[in-house]
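Have the structure open as you read.

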Amino acid sequence: MLVLALDTATPSSTAALVEVTPDGLRGVAERRTVDPRAHGEKLAPEIEGTLAEAGVRPSELGAIVAGLGPGPFTGLRVGLATAASMGQALGIPTYGVCSLDGLGRAAGPGRVLVATDARRREVYFATYLDGVRLLGPDVTRPADVAAAIVRAGTATRSRARNSAATDAAALAESETLEAATALAGADAARVAAALARAEAAALIGQATFRDGGVDLTGREPVQRDPAGLSSVHGLVDRAVGEGALKYGDVFGVPVEEHLLYPPGAALVALAADRIRAAAPSEVLTPLYLRRPDAVEPVGRKPVLT
Amino acid sequence: MPDEPLVLGIETSCDETGIGIVRGHTLLADALASSVDQHARFGGVVPEVASRAHLEALVPTMQRALDEAKVTLADIDAIAVTSGPGLAGALLVGVAAAKGYALAAEKPLYGVNHLAAHVAVDTLEHGPLPEPAVAMLVSGGHSSLLLVDDLTNGVTPLGATIDDAAGEAFDKVARLLGLGFPGGPIIDRTARDGDRKAIAFPRGLTAPKDLAAHRFDFSFSGLKTAVARWVEAHERDGEPVPIADVSASFQEAVCDVLTAKAIEACRTNGVRTLVIGGGVAANSRLRVLAEERAAKHGIEVRVPRPQLCTDNGAMVAALGSRLVAAGVAPSRLDLPADSAMSLTAVSVAG
Ligand SMILES: [Zn+2]
């Protein structure tokens, strides 16, 4: 089945065509324009170009996958309005995936920080272990990401302490697992294993945290770099996303510059189970994470001033 | 006529998500979702709240319109969308959706001017528009006088507000009087029990010295301030504020200036048709005063029914239908949303 993937959660207006077969994925075509202010103008031509490049008519599409963000709202809505309207016009299902998961999935094995530019000197971020999300998505200042990862380790730790059962079977019943499975589109056993590793890591981390170092995966307790409190060195191995590049000095880990924007094929991979199962179409609601800035007026506002 | 083009219109320039479907001059569907209730507590339209609401409302509103017209997207001949002027983020949602529909259904796309669409909607109610005509568009977002030579090609701005829009003045005065939001319908209702001659509020840009530079322009900021001063002076003296009289006198000041300048614009340009559109066109006093004054000069006043005066999808479809009939070239897929779109273009050329 031919699946169209769209993402506008970063400065990239991405359109990709991916063929989903019963046992695999094949990337057919992918186009992008990188311009943070041009999603409204560039996305539709990129879709048209992608289809034309592959010699595919819109009516041949079987499903649409859209990155739900998080990302700057204005551009994000362009992608979702386009995906929803195309899905409606073609009478085909639309599926939403977390845009950061696209980058996390594409980053492959290991401990990875995904960070994209949230403007206002903040980043949208999430952490991944072997492509499965452990923390986030959330939005904060780059300098506060390390603390957020450490805090998450603390939370996991206390959950583990209060729980009599920390094996995968118990985790399979947890809401965390359900949510993680749904969002990652991965199979439950794999997520459970990842979460179990995280739990174990957190337990190990209890000891190391006192020394200023926490390791989410429990591979090796590490000393946090005392000079750079904002560094995520020791918490993750590397970072991807244009936010990671922009704030590379703050994070202090290697940035993979070939993975700055969510690749279309990774987005489709995240929804592959739903596509193959012909799951019901989903309403594409952006992952906003921030509330509108508007403030309610207090009392009667004097007109004279 | 069944072989007239079937045109779909999408409107998201402010707080209304509108989808309209017309065949020629015939309105087949006009579906609307409004986020007005979500803005009420803020006392005005909040752009980010409006944009979020548009995205949520688009697909269901489209479905209602298609069901109402008993057609499918495959039956549509062209898709028109408001590409400006309006709130940038709100416009962008409608434009992106219109492109998605056009791309998927492989139909031509027309980016159209919101103000011209306000004029075009009248053709659904009263048939082809005699040209040239003068159009007065008054709402919370605009207060404009336009000379319409050719609805599909040439619309000339004659004047506009230099500060607040007329509808904005209604909102601000309603808030001042503690009457709620939106202010237009509330003031109209409250004014019915008041004396419109009770208080002589100022008529902006009507003094001879102002007319030289601003003959067909409007100003409502001074009026709003005058009302505020009057009310605050009364409150300071401990006197009860006669809400009905203030409402009626304020409304009279607005309608007096609007109609006087609109009739003057018709006479100056030798035009015998005046079209009034926008949310404030629903104001009962504005309609009466315009009819009275126009009749004296043999000018016909055309005001669409209130649902067609406020922002809606039908008006965009109506203009799209005229553009298709006139053989105007469609827009391209890189059509921008233009929050400050000028009237030099009724539609965005391909
Ligand atoms: Zn309007």
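This is a predicted model: local features need pLDDT of at least 70, side-chain atom pairs count only at pLDDT 80 or more; totals for chains, interfaces and linings use all residues.

Let's start in chain A, where Arg119(A) sits in the loop between strand 6 (111–117) and strand 7 (123–129).

## Two cis prolines

Chain A also has a couple of cis peptide bonds to look at. One joins Gly69(A) and Pro70(A), with omega at about 5°. You'll find Pro70(A) in the loop between strand 4 (61–67) and helix 2 of chain A.

Another runs from Gly136(A) to Pro137(A), and here omega is near 0°. Where does Pro137(A) lie, going by the secondary structure? It belongs to strand 8 of chain A.

## Salt bridges

Strand 8 comes up again with the charged pairs. The side chains of Arg133(A) and Asp101(A) form a salt bridge, at 2.7 Å from N to O. Arg133(A) is in strand 8 (residues 132–140) of chain A and Asp101(A) is in helix 3 (residues 99–107) of chain A, so this pair ties together parts that are 32 residues apart in sequence.

Over all chains, a search of the whole structure turns up 27 salt bridges. How many are there between chain A and chain B? The count is two. As for Arg77(A), its side chain meets that of Glu48(B) in a salt bridge, with 2.9 Å from N to O.

## Where the chains meet

Now for the interface. On the chain A side, 36 residues are in contact with 34 residues of chain B. Together the two chains bury about 3,200 Å² between them, and 67% of that is on carbon and sulfur atoms.

Part of the contact is a helix pair. From helix 2 of chain A, the residues involved include Arg77(A), Val78(A), Ala81(A) and Met86(A). Facing them in helix 3 of chain B are residues including Leu92(B), Val93(B), Ala96(B), Gly100(B) and Tyr101(B). Sorted by class, this helix-to-helix contact has 11 nonpolar, five polar and one charged residues.

What ipTM and pTM does the predictor give the complex? They are 0.91 and 0.85, in that order. Chain B averages a pLDDT of 94, with 99% of the residues at 70 or above. Chain A averages 81, and 71% of the residues score at least 70.

Over residues 155–177 of chain A, pLDDT stays under 50, and the model has 26 contacts beyond four places in sequence for them. Residues 200–223 of chain A also stay under 50, with 51 contacts beyond four places in sequence.

Terms used:
Residues are numbered from 1 along each chain as its sequence is written. Chains are lettered from A and ligands numbered from 1 in the order in which they are written. Side-chain values use heavy atoms; hydrogens and water are left out. pLDDT is the predictor's confidence in each residue, from 0 to 100. Contact means heavy atoms within 4.5 Å. Helices (H or I, at least four residues) and strands (E, at least two) are DSSP runs, numbered from the N terminus. Ala, Val, Leu, Ile, Met, Phe, Trp, Tyr, Cys and Pro count as nonpolar, Asp, Glu, Lys and Arg as charged, and the others, Gly among them, as polar. Buried area is the accessible area (1.4 Å probe) that two parts lose on being put together, summed over both. A salt bridge is a side-chain nitrogen of Lys or Arg within 4 Å of a carboxyl oxygen of Asp or Glu.
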